[in-house]
Amino acid sequence: MTSTTIPNAAVDGGGNPISGSAEAVTRYDEAVDLLLRYHPDVVTAAEGIASDPRALPMGQVFMAYLSLMTTDVPDLDGARQAAAALSTIPLNERETAHASAINAWLDGRWQTAARTLDELLVRWPTDVLALQIGQILDFFVGDAQNLRDRIGRSLPSFDPGDPRTGFVRGMHSFGLEESGHYDKAEAVGLAALDRNPDDVWGVHAVVHTYEMRGLVDDGIRFLRTREPDWGSGNLFTAHNWWHLALYLLEAGRYEEALAIYDAEVYNDASPEVSLVMLDGSALLWRLTLDGFETGDRYSKLAAAWESQIAGEPWYVFNDFHAVIALCGAGRTGDARAVIQRLERYVAEAPVQSGSNRAMTAEIGLPASRAVLAYAEGRHDDVVGDLLPIRTVFQRFGGSHAQRDVLQRTLTESAIHSGQLDLARALIDERLSLRDTSAYGLLARARVLARQGADDEARATEQAAAAHRARFDTAAS
Ligand SMILES: [Fe+2]
């Protein structure tokens, strides 16, 4: 990597040094603004600014991140090409730091990449690309504290009048939410949306605050009212629709949740990208846990996962969701083959070989084994796999809402295996945080009925029904 002074050095929209002509830098700023909105045109814009590495090194940086942030193995080639181009051209210090982060990520050292972007942001706090990618990395490795604090460190450096500041507030909202500051996260997120109603990441942050507090009716109203801002025309639609489907599950509106799956989460027209398919797996599995039939949807989804799980393990959060689809489709032999491949990977890869090995060994493998055990009716095994790691699920990435699928799997298996005291403890823990949870109340009622406490079970069912009636009002 060569660091040198670039004769035509300029600053980008954040006031940070960047190599390239004024015209090239303008196109870079436009690409950054598209990425902040998850606008589909960001792909074409990235190709445009990456066409000539010497004219705009940050074009290569942008392309590398765009490829890496999908978490899909087939996209790694694009990131590698961009990284190779960066190694042959003069770079300023900020561009050199980005190249280091990209190389660490490509090398499988996801946490190192995140830390490199932290260090970069200490020096250039208004590098909004570093902020956005850094937060995504924090999300991928399950670092809730830095999801919040990475943004908090930079936010005061942004001009309140800068339109991008609203998007940074949207990021801050998500970090606040994942670290448990739900009320503040909601307020910050709503302020972000006042500035940029099409900030779909900010919409998503606010949605999470309702999910985590069990404010299902508020969540449904929020998404329905603002649907024109997030429901179509961006690369994040499937996931926000997935969140609406989660609310509808809590409301007991299973058919509507399934209709959202078909129309917006996963269908024949969906891109075969992991970040979309994992929402499909997670929604179908929740329906399965609730005893709801899903037709042949798992089969199509499992077939789509095949190309993603064929190569070298890269991000086990994806492999885990592929195992869900395979198990749901009844392909338990293929699910076992994925697990055995992950076991070989953990056994053969050096301990210090990268982030994914540790994430696989600690969480990904037992979580995948638990899903297979559930599918095979081995509920004691599910409890054995998940109970020891249930407080550290975050170490394999994702959000609290996404990882809740594991907590629910554990709870259901505790009930199925007759470990009713454990089931009741898990359910009471959930209700202590979300006392409106219809799922939690109905699960509690099932446990009470099996323990012979029929009157209390009926009363608990009625409490769940009362919440669902209120959720219905919002959904109708
Ligand atoms: Fe989410």
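**Exercise 1.** Which residues coordinate the iron ion, and through which atoms? Describe the site in this predicted model.

*Solution.* Step 1: the donors are His204 (NE2), His208 (NE2), His239 (NE2) and His243 (NE2), at 2.1 to 2.2 Å from the iron ion.

Step 1: assign the geometry. Angles among the four donor atoms run from 84 to 176°. Four donors count as tetrahedral only if all angles lie between 85 and 135 degrees, and the site is irregular.

Step 2: check burial. Both His204 and His239 are buried.

**Exercise 2.** Describe helix α20 (residues 355–375) by its span, its bend and its burial.

*Solution.* Step 1: α20 has 21 residues and reaches 28 Å from its first C-alpha to its last, close to the expected 30 Å.

Step 1: a kink of about 50° is centred on Ala361.

Step 2: 16 of the 21 residues of α20 are buried, so the helix is largely enclosed by the rest of the structure.

Step 3: just after α20, Gly377 has a positive phi of about 75°.

**Exercise 3.** Which residues have the most contacts inside the largest nonpolar core? Take Tyr65 and list its contacts beyond four places in sequence.

*Solution.* Step 1: this core has 163 residues, and those with the most contacts inside it are Tyr28, Phe62, Tyr65, Ile102, Trp105, Leu129 and Leu283.

Step 1: Tyr65 is in contact with His98, Ala101, Ile102, Trp105, Leu117, Leu129 and Ile133, leaving aside neighbours within four places.

Methods: Residues numbered from 1 in each chain as written. Predicted model: local features only at pLDDT ≥ 70, side-chain atom pairs only at ≥ 80, totals over all residues. Heavy atoms only, no water. Donors = N, O, S within 2.8 Å, 3.2 Å for Na, K, Ca; no water. Tetrahedral: all angles 85-135°; square planar, octahedral: opposite > 155°, others 65-115°. Buried < 20%, exposed > 50% of the residue type's maximum accessible area, 1.4 Å probe, protein only. Helix = DSSP H or I, 4+ residues; strand = E, 2+ residues; numbered from the N terminus. Expected span 1.5 Å × (residues − 1). Bend = angle between axes of the 7 residues up to and from the residue. Core = buried A, V, L, I, M, F, W, Y, C linked by side-chain atoms within 4.5 Å. Contact = heavy atoms within 4.5 Å.
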